[in-house]
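This report describes one protein model and its ligand. The sequence and structure come first, and the notes follow.

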Amino acid sequence: MLILGLETSCDETAASVVVDGRRVLSSVVASQNDLHARYGGVVPELASRAHLEALVPVVEHAVADAGVTLADLDAIAVGHRPGLIGSLLVGVSAAKALAWGLGKPLIGVDHVHSHLYAGNLIAREAPLSPEPRFPALGLVVSGGHTSIYILRSWNDLQRLGATIDDAVGEAYDKAAMILGLPHPGGPNLDALAATGGGNDRALELPISRIAPGSLDFSFSGLKTALLYAVRGVPFTRGSPGRLPPPPPESLTDSRRADLAACFQRAACAAVMLKLTRAFDQLAQRGDQPLSLLTGGGVTANSRLRAQLAERAASWGVPLFLPAMQYCVDNAAMIAGLGGELLRAGRVADLNLQPVPTTAC
Ligand code: KG4
Ligand code: ZN
């Protein structure tokens with residue numbers, strides 16, 4: 001079974017060919033990082049225009065790299081939700097055109113759910129490895145989402161908790177901006193926290209608990225605490241109630257490294273706290289997870305990767321942690337989950353619509 005996956009939900013134009021659901025024959029990702037860097041974030045209109053320019057060459061590249069032709073494909077899968085509507089439209093339109101032109105099935109894939117599949121992908125030449133057993137506990141930590149799931153199969157999942165404000169990747173990107181680090185913020189903050197020699201106990205930053213037993217996340221308080229640590233606390237008695245505006249250059253390098261390390265410690269602790277709560281709650285109700293599935297850009301984070309490995313080992317469950325190139329947005333995860341949906345008969349038709357929100 002040969003599936004072509006397309007991904008255009010945000011600022012990466014990607015295409016991939018995956019065989020037998022797991023084996024990645026090609027994965028091409030055209031990043032728009034340089035295009036958006038000067039604005040400090042993704043500009044939706046620019047993103048959709050860039051997808052339009054990049055998509056056809058990216059698809060041609062992916063098909064050629066895989067050593068197949070379009071006629072060999074069994075289906076076309078596309079990330080059709082959630083994302084920027086203009087960006088999604090480009091991928092969905094292209095996928096419909098390909099499916100219609102080639103007479104192949106079309107599959108609509110939820111981008112957030114597909115992040116959970118990324119750890120199940122294997123490289124072209126790699127030996128077969130065991131697949132996850134269900135029920136599985138799922139964690140997506142990305143720039144747009146921070147959610148915990150229970151999965152009973154690849155196409156039966158229920159969200160147990162999600163962020164009520166910022167996603168953890170978004171908090172990383174904003175924290176990096178506060179610290180004066182260049183775009184893309186998350187990886188740069190991680191690098192400084194991991195290798196900058198900072199003291200991760202220099203400052204106690206808040207780790208939100210929300211409420212006893214809650215599996216929801218909140219990262220806006222952490223972000224604001226970092227902002228105040230850099231700029232000072234506004235609204236104190238006698239102050240005009242505005243943030244003092246010293247530029248980030250006023251931070252010394254050692255203070256910046258300390259704050260990066262403290263932010264990284266708190267952000268990872270917040271993720272691990274809710275993940276552990278979820279595992280304990282499921283185990284208590286007799287729904288013991290048999291695997292841990294993780295994905296999303298923040299699974300590229302050095303500290304989080306180490307903590308996930310350590311926690312899964314302590315629970316005695318196999319960890320499905322994506323290889324670095326499949327943590328951030330890619331089309332192999334779309335093709336992979338698309339294959340599972342095809343097997344389950346979940347095929348779309350030409351009425352498939354792009355949708356800005358996730359299905360659940
Ligand atoms: O999954 P992804 O490519 O896009 C979404 O679906 O949102 O995730 C991108 C996010 C960005 O916020 C980026 O800063 C973050 O993942 N990210 C990281 C790291 N690498 C990427 N955050 C922390 N540490 C990293 N090493
Ligand atoms: Zn994503």
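## Helix α5 and its cover

What covers the buried residues of helix α5 includes β7 (136–141), β8 (146–153), α6 (185–195), α7 (220–231) and α8 (253–284). Helices here (H or I, at least four residues) and strands (E, at least two) are DSSP runs, numbered from the N terminus. Helix α5 itself spans residues 168–178, and its buried residues are Val 168, Gly 169, Ala 171, Tyr 172, Ala 175, Ala 176 and Ile 178. Buried means under 20% relative accessible area, exposed means over 50%, and partly exposed lies in between (1.4 Å probe, protein chains only). An α-helix has 3.6 residues a turn, so residues three or four places apart point the same way. Just after α5, Gly 180 has a positive phi of about 75 degrees.

## Basis of the model

This is a predicted model, in which local features need pLDDT of at least 70 and side-chain atom pairs count only at pLDDT 80 or more, while totals for chains, interfaces and linings use all residues. Residues are numbered from 1 along each chain as its sequence is written, chains are lettered from A and ligands numbered from 1 in the order in which they are written, and side-chain values use heavy atoms, with hydrogens and water left out.

## Ligand 1

Ligand 1 takes up the space of the largest pocket. A pocket is found on a 1 Å grid over the protein atoms alone, as an open set of points where a 1.4 Å probe fits, with protein on both sides within 12 Å along at least five of seven lines. A molecule sits in a pocket if more than half of its atoms lie within 2 Å of its grid points. There are 19 residues around ligand 1, and Gly 143, Asp 173, Asp 190, Asn 301 and Asp 329 come nearest. A residue counts as near a molecule if one of its heavy atoms lies within 4 Å of it. Helices α4 (111–115), α5 and α6 each supply at least two residues of this shell.

Polar contacts are pairs of N or O atoms within 3.5 Å. A polar backbone atom of Gly 143 lies 2.8 Å from an oxygen atom of ligand 1. For Gly 186, a backbone N or O atom is 3.2 Å from an oxygen atom of the ligand. In Ser 142, an N or O atom of the side chain is 3.4 Å from a ligand oxygen. Ligand 1 taken alone exposes 550 Å², and the protein buries 87% of that. Such areas come from the Shrake-Rupley method with a 1.4 Å probe.

Gly 79 is in strand β4 (residues 75–81), and Gly 79 is buried, with a relative accessible area of 1%. Leaving aside neighbours within four places in sequence, Gly 79 is in contact (heavy atoms within 4.5 Å) with Leu 6, Leu 88, Val 92, Val 109 and Ile 334. Gly 79 and Ala 331 are 252 residues apart in sequence, yet their C-alpha atoms are 8.2 Å apart in space.

Ala 15 belongs to strand β2 and is buried, at 0% relative accessible area. Beyond four places in sequence, the contacts of Ala 15 include Leu 4, Gly 5, Leu 6, Val 28, Val 58 and Ala 331.

## Cis peptide bonds

Arg 81 and Pro 82 are joined by a cis peptide bond, with omega about -15 degrees. Pro 82 is in the loop between β4 and α3 (85–102).

The bond from Phe 134 to Pro 135 is also cis, with omega near 5 degrees. Pro 135 lies in the loop between β6 (122–123) and β7. At 17% relative accessibility, Pro 135 counts as buried. Not counting residues up to four places away, Pro 135 touches residues including Ile 150, Leu 151, Arg 152 and Asp 287. Pro 135 and Asp 287 are 152 residues apart in sequence and 7.4 Å apart from C-alpha to C-alpha.

## Positive phi outside glycine

Asp 20, a residue other than glycine, has a positive phi near 55 degrees. Asp 20 sits in the loop between β2 (12–19) and β3 (23–31) and is exposed, at 52% relative accessible area.

Ile 210, again not a glycine, has a positive phi near 65 degrees. Ile 210 is in the loop between α6 and α7 and is partly exposed, with a relative accessible area of 41%.

Technical notes. Polar contact = N/O pair within 3.5 Å; in protein donor to acceptor, adjacent residues only side chain to side chain. 1 Å grid on protein atoms, 1.4 Å probe; cavity = no way out; pocket = protein on both sides within 12 Å on 5 of 7 lines; lining within 4 Å.
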